[in-house]
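Me: I am new to this structure and would like a close look at one part of it. Could you take me through the salt bridges with some care, and say how they are defined?

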Amino acid sequence: KVVFAGSRLSPVIFERISNYLDCEIISGFGATEIGTIAQRTLSLADARAGVIGYAHPGIDVEVVDELGRSLPPNQEGLLRVRRTRMANSYLNNQKAAENVFRDGWFYTGDVASIADDGLIRVIGRRGDIINYGGAKYSLNDFDDIASGVPGIIAAAAQEALLSYRFPGNVRELENILERALTLCSGDEIDVADLQLRNDEVA
């Protein structure tokens, strides 16, 4: 078994593990403040969708809007969780506590959705959701697309780079991307392979 925790599992990483190891790939999802929230043996389809599993017994999960109002199944919003025994504040850091502990719930900082049957899907961290081309995407989507390009070992998107503005010189940014990825992989990268289309990250 391979147990993956800490963030959603990239489908690219899932496929690489599957190609080398004949084993179960298990996603664990939790937080120090509340413990393990969900766990699931993943399929490739799960990894592509950001599925993390069903909440463990005794743990309540809910997706809400910015005002804390419950959202219907399959609608994306802020994930909050609670259980009988959990932290309810941070020592000597009341300001941080007020942002995540509210009305008996712990806000994980993730944007997620919950299906009718309770299956939880994590889209990304709240701070990693960006406006790109008039639509909202998770930086995870950009990572996944770039990591799937032949010759790239790993990729990590940053909001500052994706929203970078410069005076009319598109090739300048392409060169920056090309050099950075070539240094990471040791191979020549075709920048055209990295152009992001709405249908790829939708």
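Reply: R80 and E62 form a salt bridge in which the closest N and O atoms are 2.6 Å apart, a salt bridge being a side-chain nitrogen of Lys or Arg within 4 Å of a carboxyl oxygen of Asp or Glu. This pair links distant parts of the chain, since R80 belongs to strand 6 and E62 to strand 5, 18 residues apart; strands here are DSSP runs of E with at least two residues, and helices are runs of H or I with at least four, both numbered from the N terminus. R80 is buried, with a relative accessible area of 8%, where buried means under 20%, exposed over 50%, and partly exposed in between, using a 1.4 Å probe and protein chains only.

The model is predicted, and local features need pLDDT of at least 70, side-chain atom pairs count only at pLDDT 80 or more, while totals for chains, interfaces and linings use all residues. Residues are numbered from 1 along each chain as its sequence is written, and side-chain values use heavy atoms, leaving out hydrogens and water.

The side chains of D60 and R82 also meet in a salt bridge, at 3.0 Å from N to O. D60 lies in strand 5 (residues 60–64) and R82 in strand 6 (residues 77–82), so this pair ties together parts that are 22 residues apart in sequence. D60 is partly exposed at 37% relative accessibility, and R82 is partly exposed at 33%.

A further salt bridge joins the side chains of R40 and D46, again 3.0 Å from N to O; R40 is partly exposed at 24%, whereas D46 is buried at 9%. The whole structure holds 5 salt bridges.
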